[in-house]
Amino acid sequence: MIKVVHVKSDGPGFGNWSAGQGVRRYLPSEIGSIDFRRVEVDDFDLLIIGGGGFLHNQAESFWRRVADARCHVILWGLGACEPLSGSPDHTRLRPLDRRIMDRIKPRIVLAMVRDRWTRELYDLNATIAFCPTVKALVDTRASEGTCVMYADHPGLVNRQESKVLSGLCDNMINHLESPERVLRHHIQARLCITSRLHGAVVSR
């Protein structure tokens, strides 16, 4: 019997968590899910990896383990990350080395990425699909929100810019806080100002 596992990211960051939850909704209950930092890739024949933005250097040890393994791979709802030049995260976070992905590509049986840039960066034979976060939110009911909220992700804008943006709003949520708290604040907002992809996706 083929051993399959869903590999997700439990954070930090709401976007990685919610994208993983979205993929989870498509899968049968017999397939388990585990955070990429804890999965033993050699124990499985097929890894369903995604969603989220963990195609970056801080997840390199995981991707190297996948490159060294023999298992087949499905990439689902993944995206590379490259913070803007000048942002606090720019020197800390960079896209996963393409040479690592080149070693994985012969074993990719299906790939769905969230943007054209990711597909071209790794020269993937991939479909561009919506972020799985959308699927995670299908049962969410929006309230009659009245506040204007700023959804921040530290490192994407500098402290002064964050201060200016938050000053325009009634309240502020940090996307590195607990997913439940982030989602609750989005539901209660009438308008969202965001520096993050998933701020826009969740506000839909």
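Biologist: In this predicted model, does S9 count as buried or exposed, given its 2% relative accessibility?

Modeller: Buried means under 20% relative accessible area. S9 has 2% relative accessibility, so S9 counts as buried.

Biologist: Where in the chain is S9 found?

Modeller: Look at the elements on either side. β1 covers 4-8 and α1 covers 14-26. S9 is found in the loop between β1 and α1.

Biologist: Which residues does S9 touch, not counting those up to four places away in sequence?

Modeller: Sequence neighbours up to four places away are set aside. What remains for S9 is N16, W17, D35, F36, R37 and F54.

Biologist: Which are the edge strands of the sheet?

Modeller: The open sheet has six strands, with parallel pairing. Their order is β2-β1-β3-β4-β5-β6. An edge strand here pairs on one side only. The edge strands are β2 (32-35) and β6 (127-128).

Biologist: What is the bridge partner of V7 in β3?

Modeller: β1 and β3 run parallel, and four bridges join them. β3 spans residues 46-55. In β3, V7 has as its bridge partner I49.

Biologist: What angle does the direction of α2 make with that of β3?

Modeller: Helix α2, residues 60-68, packs on the sheet. α2 touches β1, β3 and β4. Its direction makes with that of β3 an angle of about 150°.

Biologist: Is D68 buried or exposed?

Modeller: D68 lies in helix α2. Exposed means over 50% relative accessible area. D68 is at 57%, so D68 counts as exposed.

Biologist: What distance separates the C-alpha atoms of D68 and I104?

Modeller: Along the chain, D68 and I104 are 36 residues apart.

Terms used. Residues are numbered from 1 along each chain as its sequence is written. This is a predicted model: local features need pLDDT of at least 70, side-chain atom pairs count only at pLDDT 80 or more; totals for chains, interfaces and linings use all residues. Side-chain values use heavy atoms; hydrogens and water are left out. Helices (H or I, at least four residues) and strands (E, at least two) are DSSP runs, numbered from the N terminus. Buried means under 20% relative accessible area, exposed over 50%, partly exposed in between (1.4 Å probe, protein chains only). Contact means heavy atoms within 4.5 Å. Two strands pair if DSSP finds at least two bridges between them. Axes are lines fitted to C-alpha atoms, for helices over the stretch in contact, and angles run from 0 to 180 degrees between N-to-C directions.
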